[in-house]
Amino acid sequence: QVQLVESGGGLVQTGGSLRLSCAASGRTSSYYSLGWFRQAPGKEREIVASITWSGGYTNYADSVKGRFTISRDNAANTVYLEMNSVKTEDTAVYYCAARHSSLESYGYWGQGTQVTVSS
């Protein structure tokens, strides 16, 4: 059983920083990659960043490149999303997700954490 628990969301001003954490439990050794997704009101969910569990290879959405950094601590079974120079358009519920294979979609999801960026 895979469980993902996000934390670290909150209210931040434009240009500020925030760090999200995703604590994973269960069969973490079987993860292929973990990703951070977000969903703003009235919009579809989109992937923000992903990282492979073993090699640490990362990918980012164009909208966050150069501002957000995804990282993982395998020993702590935790994935982080460092958010810098945030913009009002970064306001959304952020979700952590995991998958066991590059051929699979993300099948395990956390409950989400709200990030609100004020101007």
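**Entry 1**

I began with Asn77, which is partly exposed at 23% relative accessibility (buried is under 20% relative accessible area, exposed over 50%, partly exposed in between, with a 1.4 Å probe and protein chains only). I am working on a predicted model, where local features need pLDDT of at least 70, side-chain atom pairs count only at pLDDT 80 or more, and totals for chains, interfaces and linings use all residues. Residues are numbered from 1 along each chain as its sequence is written, and side-chain values use heavy atoms, with hydrogens and water left out.

Asn77 sits in the loop between β7 and β8 (strands are DSSP E runs of at least two residues, numbered from the N terminus). I found its phi near 50 degrees, a positive value in a residue other than glycine. Ser85 also has a positive phi, of about 50 degrees, without being a glycine. I placed Ser85 in the loop between β8 and β9, and it is partly exposed at 41%.

**Entry 2: the disulfide**

I looked for disulfides (cysteine sulfur atoms within 2.5 Å) and the count came to 1. Cys22 is joined to Cys96, with S to S at 2.1 Å. Cys22 belongs to strand β3 (residues 18–25) and Cys96 to strand β9 (residues 92–99), so the pair ties together parts 74 residues apart in sequence. The link is left-handed, with -75 degrees about the S-S bond. Cys22 is buried at 0%, and Cys96 is buried at 0% too.

**Entry 3: the core**

Which residues have the most contacts inside the largest nonpolar core? I noted Leu4, Trp36, Leu81 and Tyr94, in a core of 29 residues (buried Ala, Val, Leu, Ile, Met, Phe, Trp, Tyr and Cys joined through side-chain atoms within 4.5 Å). Among the elements that give two or more residues to this core are β3, β4 (33–39) and β11 (113–118). Leaving aside neighbours within four places in sequence, Leu4 is in contact (heavy atoms within 4.5 Å) with residues including Cys22, Cys96, Tyr31 and Trp109.

**Entry 4: aromatic rings**

My search of the whole structure gave 4 aromatic pairs (Phe, Tyr or six-membered Trp ring centres within 6.5 Å; planes under 30 degrees apart are stacked, over 60 edge-to-face, the rest tilted). Tyr31 and Trp53 are edge-to-face, at 5.5 Å centre to centre and 75 degrees between the planes. Both Tyr31 and Trp53 are buried. Tyr95 and Trp109 have ring centres 6.5 Å apart and planes at 80 degrees, so this pair is edge-to-face. I saw Phe37, Tyr95, Tyr106 and Trp109 listed as one aromatic cluster. Trp109 is partly exposed at 29%.

Terms used. Helix = DSSP H or I, 4+ residues; strand = E, 2+ residues; numbered from the N terminus.
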